[in-house]
Amino acid sequence: MKILHIIRDKGHELALSTALAQSTDISQKVTLLLIHDAVLTRAETLKGLETFALKDDVEARGVKSEYPLLDYKGMLGLVFESDRVVTW
């Protein structure tokens, strides 16, 4: 099962702990998409989870992303290829 977590806020502990817990199940592929202020989350916080950041939100905050960037088309691709989408 592919699970996509879309996270909007930096440091959302429940979202991060849930995604990390789900990633321990080998039958689940967990992916994170950081949007809004969550693009400011540091990579070491995510402990190896497959993570992307929304390009427009990174650029709007004037920062350099530690994650691969996706445009809106790429975001929709992630949503439609996932079995479950959770937005935090």
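Is His36 buried, exposed or partly exposed? I looked this up and found that His36 counts as partly exposed, at 38% relative accessibility, where buried means under 20% relative accessible area, exposed over 50%, and partly exposed in between (1.4 Å probe, protein chains only).

**Ground rules.** I note that this is a predicted model, in which local features need pLDDT of at least 70 and side-chain atom pairs count only at pLDDT 80 or more, while totals for chains, interfaces and linings use all residues. Residues are numbered from 1 along each chain as its sequence is written, and side-chain values use heavy atoms, with hydrogens and water left out.

**His36, continued.** I placed His36 in the loop between S2 and S3, with helices (H or I, at least four residues) and strands (E, at least two) taken as DSSP runs numbered from the N terminus. I looked at its backbone as well, and His36 has a positive phi of about 50 degrees although it is not a glycine. I keep in mind that most residues other than glycine have a negative phi.

**The sheet.** I traced an open sheet of five strands in the order S4-S3-S2-S1-S5, with parallel pairing, two strands being paired if DSSP finds at least two bridges between them. S4 and strand S5 (84–87) stand at the edges with a single partner strand each, so one side of each is left without a neighbour in the sheet. I then looked at S2 and S3, which run parallel and are joined by four bridges; in S3, Glu50 is the bridge partner of Thr31.

**Salt bridges.** I took a salt bridge to be a side-chain nitrogen of Lys or Arg within 4 Å of a carboxyl oxygen of Asp or Glu, and by this rule the count comes to five.

I began with Glu50 and Lys29, whose side chains meet in a salt bridge at 2.9 Å, N to O. The pair links distant parts of the chain, with Glu50 in strand S3 (residues 50–54) and Lys29 in strand S2 (residues 29–34), 21 residues apart. Glu50 is partly exposed, with a relative accessible area of 33%, and Lys29 also counts as partly exposed, at 40%.

I went on to Arg61 and Asp37, whose side chains meet at 2.8 Å, N to O. Arg61 lies in the loop between helix H2 (55–60) and strand S4 (69–70) and Asp37 in the loop between S2 and S3, so the pair ties together parts that are 24 residues apart in sequence. Arg61 is partly exposed, with a relative accessible area of 29%, and Asp37 is partly exposed at 39%. I also found that Asp37, Asp57 and Arg61 are linked in a network of salt bridges.

I checked Glu59 and Lys55 next, whose side chains meet in a salt bridge at 4.0 Å, N to O. The two are four residues apart in helix H2 and are thus separated by about one helical turn. Lys55 is partly exposed, with a relative accessible area of 36%.

Which residues does Thr41 contact, leaving aside its neighbours within four places in sequence? With contact meaning heavy atoms within 4.5 Å, I listed Lys10, Gly11, Leu34, Leu46, Glu66 and Tyr67. Thr41 is found in the loop between S2 and S3, and at 6% relative accessibility it counts as buried.

I then turned to Val58 in helix H2, which counts as buried at 3% relative accessibility. Not counting residues up to four places away in sequence, Val58 touches Val39, Ala53, Val63, Ser65 and Leu69. I also compared the positions of Val58 and Leu34, which are 24 residues apart in sequence and 9.4 Å apart in space, C-alpha to C-alpha.

**The cavity.** I searched for cavities on a 1 Å grid over the protein atoms alone, a cavity being a set of points where a 1.4 Å probe fits but cannot get out, and lining residues having an atom within 4 Å of a point. The search gave one cavity of 30 Å³ or more, and the largest cavity has a volume of about 50 Å³, a volume being the space filled by probe spheres set on the points, which are joined across faces, edges and corners. Its lining consists of Lys2, Ile3, Lys29, Thr31, Leu78, Glu81 and Ser82. The elements that give two or more residues to this lining are strand S1 (2–7), S2 and helix H3 (72–81).

I sorted the lining residues into two nonpolar, two polar and three charged, counting Ala, Val, Leu, Ile, Met, Phe, Trp, Tyr, Cys and Pro as nonpolar, Asp, Glu, Lys and Arg as charged, and the others, Gly among them, as polar.

Definitions and conventions: On a 1 Å grid over the protein atoms alone, a cavity is a set of points where a 1.4 Å probe fits but cannot get out, and a pocket is an open set with protein on both sides within 12 Å along at least five of seven lines; lining residues have an atom within 4 Å of a point.
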